[in-house]
Amino acid sequence: MAAESAVAARGATRPAALPNEAVAAAFDEMADLLAISGENRFRIGAYRRAARIVRTLPRALSEFAGIEELDQIPGIGPDLAAKIQELLRTRTLRSLQQLRTKVPAGLRALLGLPGLGPIRVRALHSALGIKGMDDLRRALAADRLQRLRGFGPVLQQRLEQALSAAAAPQRWLWSVAAQYAEPLRDYLRSLPRVTQVEIAGSYRRGRDTVGDLDLVVCARGPLDLASALRGYAEVRDLSAAGPTRCSAVLANGMQVDVRVVAPDSAGAALYYFTGSREHGVRMRQRAQARGLKLNEYGLFRGRRRIAGASEQQILTALGLPWIAPELREDRGEIDAAQRGELPQLIELRDLQGDLHAHTSASDGREPMPKMVAAARAQKLRFMAITDHSRHLGVVHGLDAGRLARQIDEIDALNETLEDFAVLKGAEVDILPDGRLALPDSILRRLDVVVAAIHSHFDLPQAQQTSRILRALERPCVSILAHPTGRLLGERAPYAVSFERILAAARARPCFLELNSQPARLDMDDVLCQAAHAHGVLVSVASDAHSGAELADLAGGIRQARRGWLCAKDVLNARPLREVKALLATTRL
DNA sequence: GCCGTTTTCGGCCCGACTGTTTTCAGTCG
């Protein structure tokens with residue numbers, strides 16, 4: 001087809017734009033190297049902030065129209081805007097290269113060791129000539145840190161342990177963290193004088209992975225938290241044990257921070273430890289601008305606490321409506337709250353159905369009637385059965401003949417159902433050249449075609465993008481499933497231009513899927529915002545391979561909320577009639 | 001390096017805990 005080859009040609013000739021992540025990484029390195037150089041901490045902070053802003057921007061920097069528009073991004077001034085442009089044009093940064101000649105690159109890694117910050121790392125370099133991990137290991141073995149001010153025996157021992165320890169996973173899937181956090185919360189709730197325990201931190205903000213657990217304990221009167229934690233079977237060690245704060249390490253290596261506050265401070269502490277850090281900074285600045293002080297004990301005018309018992313109290317006192325924890329990432333939520341423009345975030349109960357599920361006909365574990373029963377138990381009103389097409393990656397994939405028989409089976413099943421509809425679908429493989437693994441003749445008989453990549457993840461960005469664009473040009477494709485292909489902690493997202501995919505999805509039209517499997521959760525929050533900005537509806541799908549996995553939809557909703565999505569932005573939060581009409585528009 | 005209800009220079013969020021000190025710097029969240 002002429003249109004297909006035009007897309008392929010564009011993909012092949014257009015040079016891949018520098019991803020935002022590359023700019024963010026350069027700014028992070030600048031910040032680290034400046035810190036080790038002993039630079040002004042506010043200048044360092046500006047680079048760190050810029051890295052974070054760029055990383056979570058729902059739009060490619062390469063799409064901005066020059067320095068003037070880049071300068072409009074809050075936190076990006078004229079200097080950083082020019083540096084972004086330099087990176088986009090030359091893929092390098094002169095100031096970073098100069099810095100690298102002064103600060104050995106290996107020193108950066110030392111910042112990750114416990115007890116080592118920029119000041120001690122600089123001391124190691126200037127006094128002992130240490131340039132990296134190996135030098136430090138040798139210096140420790142030779143006892144050369146002894147004579148360095150600020151390096152006592154305890155710190156040396158911690159460093160030795162850290163250097164010899166096997167690298168534990170840095171982050172945990174939210175769903176894994178839940179299995180540790182919730183029992184610990186319940187244990188702490190059972191302690192005498194404890195009135196309230198909440199899991200805070202990135203867990204409460206619903207991040208797809210969690211680095212450690214933060215719990216806020218509210219108690220009337222004194223509480224021997226350290227003893228309580230030592231008495232908890234999962235706790236391996238306490239790394240800090242003060243009267244109001246304890247840090248524990250669980251048997252699996254997970255770090256847990258627990259803070260104790262009085263009831264008057266419960267809301268302030270929960271707000272403080274829910275974070276994110278950047279959101280907290282903004283809130284404290286807001287308090288300061290009003291002549292107030294905000295900390296984990298409350299909101300204060302002078303010495304008088306004017307709010308603190310609940311989060312809403314604090315928000316109200318600062319002139320703000322409720323800000324959902326999922327939004328507290330300093331991505332404009334405070335300004336939006338101030339203007340009364342926060343989105344009415346989608347909730348799990350808004351979901352009307354599920355548009356991606358498997359049965360034992362392909363790689364699912366339960367037959368269709370059981371899947372349908374599970375969906376009805378979840379109060380859903382419809383479910384698409386989307387078994388795999390036959391291809392190399394998945395055994396038992398359906399060919400056209402078996403899919404035709406499944407279509408008949410669904411028709412028969414629907415005859416027996418009241419107040420519930422089973423939609424006929426398939427999860428069709430996008431082949432390396434962008435063709436689909438099933439012919440149009442059978443796909444035309446389906447209600448919904450979910451297209452996905454399951455192989456050749458490492459194509460260059462231009463080729464991967466045109467592969468997907470070509471698939472989206474096919475007449476029957478309704479939804480692009482798990483559009484980045486990532487598996488958290490296992491497989492990075494494949495390289496692809498979402499600017500182009502979203503533009504194509506908008507024009508066609510078709511939809512993108514937010515896959516609720518705990519290790520996928522792609523789209524991520526940033527991509528959700530980008531889809532919303534492009535006016536592309538999102539399907540929050542279970543990709544369930546058993547009835548029990550329909551519960552994973554809750555995780556998809558968490559991610560959607562982090563991406564600022566409302567019910568109206570989500571395809572399957574609409575009534576079946578509307579979903580069918582929208583799916584019909586995907587037919588070319 | 002950014003930014004402006006402190007407004008174009010001079011500020012920039014706040015506190016706990018540890019280890020190494022002998023009054024507090026550094027790290028961490």
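1. Basis. The model is predicted, so local features need pLDDT of at least 70 and side-chain atom pairs count only at pLDDT 80 or more, while totals for chains, interfaces and linings use all residues. Residues are numbered from 1 along each chain as its sequence is written, chains are lettered from A and ligands numbered from 1 in the order in which they are written, and side-chain values use heavy atoms, with hydrogens and water left out.

2. Overall form. Chain A has 25 helices and 17 strands (DSSP runs numbered from the N terminus: H or I of at least four residues for helices, E of at least two for strands).

3. Second largest pocket. This pocket has a volume of about 730 Å³. Of its 24 lining residues, Leu 57, Pro 74, Asp 330, Arg 331 and Gly 332 are the closest to its centre. (On a 1 Å grid over the protein atoms alone, a pocket is an open set of points with protein on both sides within 12 Å along at least five of seven lines, whereas a cavity is a set where a 1.4 Å probe fits but cannot get out; lining residues have an atom within 4 Å of a point. Points are joined across faces, edges and corners, and a volume is the space filled by probe spheres set on them.) Helices 3 (41–55), 15 (277–289), 17 (333–338) and 23 (525–534) each supply at least two lining residues.

4. Asp 330. Asp 330 has a positive phi near 55 degrees although it is a residue other than glycine. It lies in the loop between helix 16 (311–317) and helix 17. At 15% relative accessibility, Asp 330 counts as buried (under 20% relative accessible area; exposed is over 50% and partly exposed in between, with a 1.4 Å probe and protein chains only).

5. Largest cavity. The largest cavity has a volume of about 50 Å³. Its lining consists of Ala 268, Tyr 271, Tyr 272, Gly 280, Met 283, Arg 284 and Leu 294.

6. Cis peptide bonds. Arg 508 and Pro 509 are joined by a cis peptide bond with omega of about -10 degrees, and Pro 509 lies in the loop between helix 22 (498–507) and strand 16 (511–515). The bond from Asp 522 to Met 523 is also cis, with omega near 20 degrees; Met 523 is in the loop between strand 16 and helix 23.
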